[in-house]
Amino acid sequence: MKFTLNVWRQNGPQDKGRMETYQVDQVSDDMSFLEMIDVLNEQLIGQGVDPVVFDHDCREGICGMCSMFINGEAHGPGRGVTTCQLHMREFKDGDEITIEPFRAKAFPVIKDLMVDRSAFDRIIQAGGYVSVNTSGNLPDANATPIEKPDADAAFDAATCIGCGACVATCKNASAMLFTSAKVSQFALLPQGQVEAKDRVLHMVNQMDLEGFGNCTNTGACEVECPKGISIENIARMNREFLSASITSK
Amino acid sequence: MATTRGLFGSSLARKYWMALTGLFLCSFLVIHLLGNLPLLMGKQEAFNAYAHFMTTFPLIKAVSYLLYASILLHTVDGLMLAKQNMAARPANYVKYNGAANANWSSRNMALLGTFTLLFLIIHMKSFWYEMHWGSVPMITDAEGSTYKDLYTITVAAFEQVWYSLFYVVAMISLGFHLWHGFASAFQTMGWSHPRYTPWIKAIGYGFAVLVPATFASIPLYILLT
């Protein structure tokens with residue numbers, strides 16, 4: 001397969017950046033999108049051009065590192081996949097593909113397609129944890145009964161890999177889906193109740209401080225989320241925040 | 001102890017105010033529509049009596065101040081949110097396929113809201129301002145009560161083609177605003193439930209079509225008869 005790639009090139013955070021066009025051929029339809037970029041980079045290195053910098057790690061769809069905005073969508077046209085799980089068979093031979101970094105004030109570009117998503121880490125640090133000792137004598141797994149639907153919903157929320165596709169795709173660059181998933185995974189479980197109020201207040205506060213936008217409930221985030229996190233979680237966080245704002249001391 | 005901005009200042013609080021004022025404005029739309037139905041039946045006396053009641057009854061007057069405050073809050077809050085949202089993505093995408101994952105009305109709430117506000121200003125100047133401070137001719141009904149004849153003013157306004165067409169376009173815009181806004185307000189307040197949310201959405205869609213369509217039929221009816 002052959003492709004024309006329009007790739008965002010930016011030398012560093014301060015550089016203005018621009019689109020560059022490259023041709024790649026000898027791409028197999030079984031290649032993942034990242035492998036196709038590897039082919040491009042081999043080609044660029046051969047030509048003495050700086051290779052395209054991009055984030056990646058596990059390449060099996062669970063780490064959340066790969067972060068490209070492909071043809072106007074986070075992680076490209078596939079549903080329920082990260083960029084590493086997007087395969088070239090999703091495209092037609094000869095397609096023109098536009099590749100950009102995730103764009104948000106809170107996700108500054110480091111170089112080319114790589115952005116700094118440590119704003120997510122700071123939201124987690126603000127309250128996305130339970131302060132219990134998890135080493136040593138663990139209680140029996142069935143000591144605290146939890147209803148199956150609640151356990152399932154908490155686990156579904158916990159599958160968020162923090163990739164930032166929700167922010168990238170949101171027209172407001174809002175981090176509500178991420179933050180609400182991280183609030184929900186504890187809000188549904190008894191272990192999360194002790195710090196529930198402070199958690200939601202602090203995490204939302206940090207989310208605001210990072211400069212993310214507001215939620216317009218367009219639902220674009222849940223469509224693009226590689227893990228299928230539902231905006232049900234956003235409603236739950238809205239509920240938790242409202243009640244915590246009214247009742248916290 | 002939480003050191004946060006709580007119910008005023010935080011992004012979620014801003015959205016709560018949008019949702020609550022939006023839903024209150026929806027309830028106003030229903031009352032306003034019911035009161036205007038006499039226009040569709042050509043009932044001059046009933047309409048004038050309604051207009052008189054709405055401008056003089058003390059409880060309605062009190063609620064009307066809440067209404068003005070809601071319109072103001074919904075507008076100012078909405079503009080502030082839109083400004084923050086634009087600032088949250090300073091560099092735009094070269095290619096952005098918004099239609100791939102969200103419907104048009106949900107992506108254009110600020111635009112639709114601004115157009116609705118423009119309509120509201122013209123609408124209030126035409127009728128609300130005239131009724132309160134303008135020169136509306138008086139009329140005496142069969143029972144001898146004297147009212148301001150807002151009916152004649154309204155009919156005269158809607159007999160102008162461009163004015164009526166503007167109303168129809170504004171109602172279409174309002175319809176799109178409500179298409180997303182109604183159910184969105186419930187989601188913002190966290191009033192989400194697997195059993196009730198599908199109903200809320202269905203009611204929202206019905207509301208977004210029926211209410212603006214009935215409003216739009218008033219100028220069309222007057223224009224065509």
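Helices (H or I, at least four residues) and strands (E, at least two) are DSSP runs, numbered from the N terminus. This is a predicted model, in which local features need pLDDT of at least 70 and side-chain atom pairs count only at pLDDT 80 or more, while totals for chains, interfaces and linings use all residues. Residues are numbered from 1 along each chain as its sequence is written, and chains are lettered from A and ligands numbered from 1 in the order in which they are written.

**Confidence**
- Chain B has a mean pLDDT of 92, with 97% of its residues at 70 or more.
- For the complex, the predictor gives a pTM of 0.93 and an ipTM of 0.91.

**Contact between the chains**
- Chain A contributes 44 residues and chain B 38 residues to the contact, where two residues are in contact if their C-beta atoms, placed from the backbone, lie within 7 Å.
- On the side of chain B that touches chain A, two or more residues come from each of α1 (11-40), α3 (58-87), α4 (104-107) and α7 of chain B; α1(B) gives the most, with five residues.
- That side of chain B has 17 nonpolar, 15 polar and six charged residues. Here Ala, Val, Leu, Ile, Met, Phe, Trp, Tyr, Cys and Pro count as nonpolar, Asp, Glu, Lys and Arg as charged, and the others, Gly among them, as polar.

**Domains of chain A**
- Chain A comprises domain 1 (3-111) and domain 2 (118-247), with bounds from an automatic or database domain assignment.
- The centres of the two domains of chain A, taken over C-alpha atoms, are 29 Å apart.
- Domain 1 of chain A gives 18 residues to the contact and domain 2 of chain A gives 16 residues.
- The side of domain 1 that touches domain 2 in chain A has nine nonpolar, six polar and three charged residues.

**Sheet of chain A**
- Five strands form an open sheet of mixed pairing, in the order β2-β1-β5-β3-β4 (chain A); two strands pair if DSSP finds at least two bridges between them.
- Strands β2 and β4 (73-74) of chain A lie at the edges, each pairing on one side only.
- Helix α1 (residues 33-46) of chain A packs on this sheet and touches β1, β2 and β3 (68-70) of chain A, its direction making about 90 degrees with that of β2(A).
- Strands β1 (residues 3-9) and β2 (residues 18-24) of chain A run antiparallel and are joined by seven bridges. A:Phe3 has A:Val24 as its bridge partner in β2(A), and A:Asn6 stands opposite A:Thr21.
- The pairing of β1(A) with strand β5 (residues 96-101) of chain A is parallel, over four bridges, and places A:Leu5 opposite A:Ile97.

**Helix packing in chain A**
- Helices α6 (residues 196-209) and α8 (residues 232-247) of chain A pack at about 110 degrees, with axes 9 Å apart. Axes are lines fitted to C-alpha atoms, for helices over the stretch in contact, and angles run from 0 to 180 degrees between N-to-C directions.
- α6(A) is therefore roughly perpendicular to α8(A): angles under 35 degrees count as roughly parallel, over 145 as roughly antiparallel, 65 to 115 as roughly perpendicular and the rest as oblique.
- Seven nonpolar, two polar and two charged residues make up the contact of α6(A) with α8(A), among them A:Val200 and A:Leu201 of α6(A) and A:Phe241 of α8(A).

Note on methods. pLDDT = per-residue confidence, 0-100.
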